[in-house]
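Work through the exercises below with the model open. Each solution goes step by step.

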Amino acid sequence: MVDSKEAGARIKINKLLEEAGWRFFDDSAGQANIALEQAVKLAQKDIAALGKDFESAKNGFVDFLLLDEQGFPLVVLEAKREDKDPLDGKEQARKYASAAKARFVLLSNGNLHYFWDLARGNPEVIAKFPSQESLKHRREFKPDNKRLAAEKVEADYIALTQKPHFQDDPRYRDKATRARYLWAENLRILRPYQLRAVRALQEAAAAGNDRFLFEMATGTGKTLISAAVIKLFLRTGNAKRILFLVDRLELETQARKNLDCYLSNDFAAVIYKQNRDDWKKAEIVVSTVQSFTAQDKYKKLFAPTDFDLLIADESHRAIGGNSRAVFEYFIGYKLGLTATPKDYLKNIDPRRISQNDPRAWERRQLLDTYVTFGCKNSEPTFRFSLLDGVREGYLINPIVSDARTDITADLLSQKGYAVTTANVDGEENEETFFQRDFEKRFFSEKTNRVFCQVFMKNALADPLSGEIGKSIVFCVSQRHASKITQALNQEADRLWPGKYNSDFAVQVTSSIPDAQRFTLNFANNNLHGCTRFLENYKSSRTRVCVTVGMMTTGYDCQDILNLALMRPVFSPTDFIQIKGRGTRRHTFEYIDADGAKHRAEKEHFKFFDFFANCEYFEEKFDYDEILPLPIGRQGAGGGLGGAGTDEIEVFDPDSIKTFVETPVGLEGMKVDRKLFEKARAKLREDAELKSAVENEQWDRAVRIARDRYEDKPRLFLNLEKIRRSENLDRRITWREFLERAFGLIDAFKSKDAKLEEECEKFISIYKPDSKYVPHIKNYLKAYAANEYFRREINNRRFPRSFAGFTMAEYKALDSWREIIPEYVKDYVSVNQYME
């Protein structure tokens, strides 16, 4: 008789097979539980149909035999009861697969599943069963670590793909013209440390590893190294298709462009969202991780076996948190690239900082990255730091300038900056502000003005034209960026009348049309034309790009001479990436009217730190220079003056700034069951909103939707009304609403479906033993969805009156009791589950 544990496993396994597109018979009516009728004929004599009780099989019966398109055995599926570990059937399945000449094995108890390619490695946890089509791809993939390690990789490995006979060109054969020839032809020769990185991977593969991590400073050419690794895997047959994941939209295009430059003669690279119908034709698929994680798209559109090598650029961001579920979903080799060393937070004692401190969160992220890539003792496969790059002559160090004002110094202090303000009744109140409040609740125009004046006075100049060197300024918000841009342009007009036309500084943020093009033009030295300081000198007229976050990661502009942090930074990854915008070497060149050549090397760049960010990450940082800022609280008058309290705007988001009465008709007040359809039709007519959604510019799309449609007449649209209209048992986000409105998802998922997804992500990342899985699911769901349960657990108490999770289950969790709450705090938005 089939008990509940066996019946539960059977139902779940059948559903998984259906979802993967396999045809099979359920044996509940006594039919063969085998994937196609002809399997019985093809199966060898010791492979027979199971009967009703697959746990009682004694005579070598196989549970499921899945066939290829010609009807030959392809996969043996060994099924276990829900309370059994799927790995218990591993050796039994191996025997069956050998007899049936099937290369692949699936092990499952309905809750936990393993895929095992007998041609390589060990069983790996999967979230869903692979399809027949994806296994056809996998069958053509025959990995061999020895072949991978034996491939000869020399400095010209990429150049030979770009131009196979480049060494025969006379310009290359002549050492005097070789460097100029390589540059003119855009041929890439691997540097010694880049060769060492590839060879370190080969050595790790020879030792049996299939996960690798490169810890390399910004500006060391990680995409070029990735191209060498991609060629290595494709040439040696260790991969047939590769997924290259990035964490920013702008990096997607940049990565594809660079990979095309390096490898297009032999291999095709595509961006997934631009090739949704034919991505399988390419060897390299580039995507943002967000394109895959949205509504768990990766599970719906891909099989676990679709990619043989996954590369995650800036890995602890691209696969951080539950994005790691994407990474773990796919079976194959894994390579992570990071510019943020695990021990970057120098002198920071993790025992002395709060778990909510951004540095604590980032530290956990970094440590998780090293665990993900199997780095023993937290040692990466290969490491090349900024200091290594400086020592070997490939990178440069900054001159770090401490430039804090009296006000910002107080904002940074534990006591904060106290301001006396008057309310509407004339009563005086004292408010205290801290660094997080700057340009959010606390605004000082004079502080911003001083920032700009100090920057202009101390910035490094272009060594040939003498004007301010090309610079990037990082601000708190788009509003702040707008103020700083205006202040810089006013100061430039005062210092150099007629040289600029409000284009000395340009705001480059997501709210600015063509902002992405601005970044490219700035790098190509033609943003608003060329400089007026030196005729025929190719350097951008615009000298400063003012941004918030667009130019932090992967932006390549080698002639940057100044970086300014006019904002506090709380992420070491962001801090390192921002600093990395200036570390690349560059040669400034100019040919004058007489034909004389002028050259100057970039030897340093300046890093203005207005908010003691260096100290934040490294405690007592030794600044290269301390810039005196003539600013005091009393505003003495003359010169730069001071920022007195009368100069400060205090914004309390709870106070009423405007009062507008708008009559609301009956249509706007009642819960309209057709609200979603009306809203969808209206939103789809908005060309700008549609463009933002199609290009996955979600911050911009949400801002447009809220500015134009949230609680506005006619629709009176808001998320709570949509929730009620759709009869949802949880909250939704604006992004989720837009995805539904534009047809990117078919329906809003229920609370239970969302919680089940979170459980699947957790299991795919942490791969717990089978016996813990049911308890983990119940615990995670209770902790994420119930505020009372969560509060009690956080207070080290077990909830006394909670029906969904028992004390027995809690005790059975062992160490998972501590891991799950930390995971939820870091990666799960519990707000969506609140009533």
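**Exercise 1.** What span does helix α9 (residues 192–206) reach from its first C-alpha to its last?

*Ground rules.* The model is predicted, with local features needing pLDDT of at least 70 and side-chain atom pairs pLDDT 80 or more, while totals for chains, interfaces and linings use all residues. Residues are numbered from 1 along each chain as its sequence is written, and side-chain values use heavy atoms, leaving out hydrogens and water.

*Solution.* Helices are DSSP runs (H or I, at least four residues), and strands are E runs of at least two, numbered from the N terminus. Helix α9 has 15 residues. The expected span is 1.5 Å times one less than the number of residues. That gives 21 Å expected, and α9 reaches 21 Å.

**Exercise 2.** Find what the buried residues of α9 pack against.

*Solution.* Buried means under 20% relative accessible area (1.4 Å probe, protein chains only). Among the buried residues of α9 are Y193, L195, V198 and L201. Contact means heavy atoms within 4.5 Å. The partners include α5 (145–150), β6 (211–216) and α10 (222–235). Just after α9, G208 takes a positive phi of about 100°.

**Exercise 3.** Classify the ring pair of F451 and F611.

*Solution.* Rings of Phe, Tyr and Trp (its six-membered ring) pair if their centres lie within 6.5 Å; planes under 30 degrees apart are stacked, over 60 edge-to-face, the rest tilted. The F451 and F611 centres are 6.0 Å apart with planes at 75°, so the pair is edge-to-face. F451 lies in helix α19 (residues 445–458) and F611 in the loop between β23 (605–609) and α23 (613–618), 160 residues apart. Both F451 and F611 are buried.

Conventions
Buried means under 20% relative accessible area, exposed over 50%, partly exposed in between (1.4 Å probe, protein chains only).
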